[in-house]
Structure formats: C-alpha cells, structure tokens
Amino acid sequence: MAAQCSGLVRRTLPAIALSLRTSSRLLCTAAKQKNNGQNLEDDSSQNEQKTDSTSTEKTLTEEKVKLEEQLKETLEKYKRALADTENLRRRSQKLVEEAKLYGIQGFCKDLLEVADILEKATASVPKEEIKEENPHLKNLYEGLVMTEVQIQKVFKKHGLLKLDPVGAKFDPYEHEALFHTPVEGKEPGTIALVTKVGYKLHGRTLRPALVGVVKEP
C-alpha cells in the first residue's frame, strides 16, 4: 500500500509541477499583454497630449506674431500722427508769427507813397533858396525834413527799413534794374543810380529799389 502511494505521488508531482509552470507562464503572458495594453494606452494618451500641446503652442505662436505685427503697425501710425501734429503745430506757429510781423504789410505799402512824396518835396526845393531872406520857404522845408525823419523813425520802429543801395552789388531779390550802362571808374554789376528807394519789412523785400546797374564798357 505504501509502495502504491509512493508511486502515485511520483507520477502526480511532475504533472502538478508542469501545471504550475504552465499556469505561471500563462500568468506572465497575461501580465505582459496587460502591461503592453496599458503601455499602448499610455503611449496613445501621451501622443494625443503631445499633439494637442503642439497644436496649442503653434496657435499661440501665430497669435503672438499677429499681435506683434498689429502693435508695430499701431506704433508706426502713432509716430506718424505725432509727426504730423508737430508739423502742423510748427506751421501754425509760423503763420501766427508771420501774421504778427507782416500783418501791417498793406498799411506800410500805402505809407511808402507818403514817404515818397515827402522825399520828392524836399528834393525839389532849391538849396540856394533856403535862407533867412525866405523864412516861409525855409520853415516849410525844415518842416518837411523833420516830417520825413520822423516817418523813417516810425518805419524803423516797426521793422521797415529803407533801401538806398548806391554803390552796392546788384541783388535781384532787393533791386529792380531799369537800365544797364557803362560808368567810368565803377565796377560792373554795382548800382550807379537809384531812381526810387526800396524798403524791407522784417528782412523781407516789401518794395525793390529801382536802380541803374553798371555794365562792362
């Protein structure tokens, strides 16, 4: 009986061991498959997350570039607007200043005619007749001279200066040539005669002087 039991044990143990090994292999295989499945799921999830992250980053980058371009364009427009405003301010200021300086231009032109008449009146009086024996003429002449001097002071006070350029170089911006003639001892291009004086208002020619210019013989 003992021998039969011992034989049975010897036959059964290998079968059990084989069964255990088979089960162990099956369990390992199942575990690997499970792990592989989980890994595949994890990899798929990571890939999806990575794809979503890349797409979001690309979108944000494009939005950033677009906003930077809009900011740059806005800054350029702002700078141009500032420059235009500054130019307009300067032009307006210049116009105001010129209006202050040259606003009396028309009035001055009218007064020049009065100054011309006074100058002609004093020039037309014979110097030899101005003497004590002719007190009325003498007083009239002196009164005209005083009036002429006073009006020139008023002109100067308001920036109106007389141009009497005898001997000066001809300047087309200040003088108007009526004729050209050779004059002995005079340099060509200089003014030999002034038939009508000119005037400048704050450096701007209000009326050019009418002159005769020396030319080469």
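**A helix pair up close**

Modeller: Happy to! The crossing of α2 and α3 is left-handed. Please keep in mind that this is a predicted model.

Let me start with the geometry. Two packed helices are described by the angle between their axes and by the distance between those axes. Here, helix α2 covers residues 105–124 and helix α3 covers residues 135–157. Their axes lie 9 Å apart, and the packing angle is about 150 degrees. Because angles over 145 degrees count as roughly antiparallel, α2 is roughly antiparallel to α3.

Now for the residues that meet. On the α2 side, the contact is made by Leu111, Leu112, Val114, Ala115, Leu118, Glu119, Ala121 and Thr122. From α3, the partners are Tyr141, Leu144, Val145, Thr147, Glu148, Ile151, Gln152 and Phe155.

Stepping back to the whole protein, its secondary structure comprises 3 helices and 6 strands. Along the sequence these elements follow the order α-α-α-β-β-β-β-β-β. Of the 217 residues in the protein, 17% are buried. The exposed surface comes to about 16800 Å², with 58% of it supplied by carbon and sulfur atoms. As for contacts along the chain, take those between residues at least 6 apart in sequence: 64% of them join residues at least 24 apart.

Key
Residues are numbered from 1 along each chain as its sequence is written. This is a predicted model: local features need pLDDT of at least 70, side-chain atom pairs count only at pLDDT 80 or more; totals for chains, interfaces and linings use all residues. Side-chain values use heavy atoms; hydrogens and water are left out. Axes are lines fitted to C-alpha atoms, for helices over the stretch in contact, and angles run from 0 to 180 degrees between N-to-C directions. Helices (H or I, at least four residues) and strands (E, at least two) are DSSP runs, numbered from the N terminus. Angles under 35 degrees count as roughly parallel, over 145 as roughly antiparallel, 65 to 115 as roughly perpendicular and the rest as oblique. A crossing is left-handed if the near helix is turned anticlockwise from the far one by less than a right angle, and right-handed if clockwise. Contact means heavy atoms within 4.5 Å. Buried means under 20% relative accessible area, exposed over 50%, partly exposed in between (1.4 Å probe, protein chains only). Accessible areas come from the Shrake-Rupley method with a 1.4 Å probe; for residues, only the protein chains shown count as cover.
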